[in-house]
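User: I am new to this structure and would be grateful for a close look at one part of it.

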Amino acid sequence: DEGIRHSRAAGLPLWEQINHVALGVGLQLTNRPDDAEAALLSATRMALDNGNVLQLGIALQCLAAWEAGADRATVAARLFGAGTAFAPLWPLMERGLGRLLDRTREQLGSDFGTAMQEGAALSPQAAVSLALDARP
């Protein structure tokens, strides 16, 4: 929260956005899924609004892991496909969030790759729409 507040005060939306990602991942890894979801959705919207496709990809990768934890495997795989199409998967994210996506891979089997390809074909706007429309 502190980084978000300072970034906002300094008028640095790109820093604010990545702080939302960091907050969301931290909340997810400490079993606070509702708070994590809100932070990751904020990061996703901000990245799209700022036209920062690289940070959008990172936010979508993290949101994909959140979706995996919420047992929405197909949405998780599609968001992960979109996220990795827009940004490389950071080793830190892979180690921290990869275990959440492992269950999705197991649930979908060979359909995991198909869902990732569908996600990779999405435009940034369509990927964000998928993320927002996936809310229960």
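With which residue does the side chain of Asp35 meet in a salt bridge?

Analyst: This is a predicted model, in which local features need pLDDT of at least 70 and side-chain atom pairs count only at pLDDT 80 or more, while totals for chains, interfaces and linings use all residues. Residues are numbered from 1 along each chain as its sequence is written, and side-chain values use heavy atoms, with hydrogens and water left out.

The side chain of Asp35 meets that of Arg32 in a salt bridge, at 2.8 Å from N to O; the term denotes a side-chain nitrogen of Lys or Arg within 4 Å of a carboxyl oxygen of Asp or Glu. Asp35 is partly exposed at 37% relative accessibility, and Arg32 is partly exposed at 43%. Here, buried means under 20% relative accessible area, exposed over 50%, and partly exposed in between, with a 1.4 Å probe and protein chains only.

Helix 2 (residues 13–29) packs with helix 3 (residues 33–49) at an angle of about 155 degrees, their axes 8 Å apart. Helices are DSSP runs of H or I with at least four residues, numbered from the N terminus. Axes are lines fitted to C-alpha atoms over the stretch in contact, and angles run from 0 to 180 degrees between N-to-C directions. The two helices are therefore roughly antiparallel, a term for angles over 145 degrees.

Leaving aside residues up to four places away in sequence, Thr44 touches Leu56, Ala59, Leu60, Leu63 and Val128.

Methods
Angles under 35 degrees count as roughly parallel, over 145 as roughly antiparallel, 65 to 115 as roughly perpendicular and the rest as oblique. Contact means heavy atoms within 4.5 Å.
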